[in-house]
Amino acid sequence: MKYLLPAAALALAAVLSSSVVLAEGDVADGVRHDVREVDKGVDHDAKEIDKGIKHDDKEIDKGAKHLDKERHKADKHVDKEVKKDL
């Protein structure tokens, strides 16, 4: 009986320390998972920004082409009016 209490204390300490180790492992797994999810989010946001930039570039090019056509039309109209006046 004299060794029963120390043996029980050692057993309890072993169980508690293994629980702490398991808990630390679970926390580390959770942190790694969270970091992966954040990285995925950052990558997704970067892709969406790139898509937006490409789309905006296309729209700007379309607008520039349209303006060139309109300027050309206006120049032709001015030329016709000048010729009439001469």
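The protein exposes about 8,100 Å², and carbon and sulfur atoms supply 64% of it. Accessible areas come from the Shrake-Rupley method with a 1.4 Å probe, and for residues only the protein chains shown count as cover. This is a predicted model, in which local features need pLDDT of at least 70 and side-chain atom pairs count only at pLDDT 80 or more, while totals for chains, interfaces and linings use all residues. Residues are numbered from 1 along each chain as its sequence is written, and side-chain values use heavy atoms, with hydrogens and water left out.

**Exercise 1.** State how many helices and strands the protein has, and what share of its residues is buried.

*Solution.* 
- Step 1: Helices (H or I, at least four residues) and strands (E, at least two) are DSSP runs, numbered from the N terminus.
- Step 2: The count gives 1 helix and 0 strands. Helix α1 spans residues 4-85.
- Step 3: Buried means under 20% relative accessible area, exposed over 50%, and partly exposed in between (1.4 Å probe, protein chains only).
- Step 4: Of the 86 residues in the protein, 0% are buried.

**Exercise 2.** Describe the salt bridge of Arg 32 and the exposure of the residues involved.

*Solution.* 
- Step 1: A salt bridge needs a side-chain nitrogen of Lys or Arg within 4 Å of a carboxyl oxygen of Asp or Glu. A search of the whole structure finds 6.
- Step 2: The partner of Arg 32 is Asp 29, with the closest N and O atoms 2.3 Å apart.
- Step 3: Both residues lie in helix α1, 3 residues apart, about one turn of the helix.
- Step 4: Arg 32 is partly exposed at 46% relative accessible area, and Asp 29 is partly exposed at 41%.

**Exercise 3.** Characterise the salt bridges Glu 48 to Lys 51 and Arg 71 to Asp 68.

*Solution.* 
- Step 1: Glu 48 and Lys 51 meet at 3.4 Å, N to O. About one helical turn separates them, because they are 3 residues apart in helix α1.
- Step 2: Glu 48 is partly exposed at 38%, whereas Lys 51 is exposed at 54%.
- Step 3: Arg 71 and Asp 68 meet at 3.6 Å, N to O. They too lie in helix α1, 3 residues apart.
- Step 4: Asp 68 has 48% relative accessibility and so counts as partly exposed.

**Exercise 4.** Identify which residues make the nonpolar surface patch of about 250 Å².

*Solution.* 
- Step 1: Patches take residues with over 30% relative accessible area and no salt bridge; like charges are joined within 9 Å, nonpolar side chains (Val, Leu, Ile, Met, Phe, Trp, Tyr) within 5 Å.
- Step 2: The patch is made by Val 27, Val 31 and Val 35.
- Step 3: Val 35 is found in helix α1, and its 43% relative accessibility makes it partly exposed.
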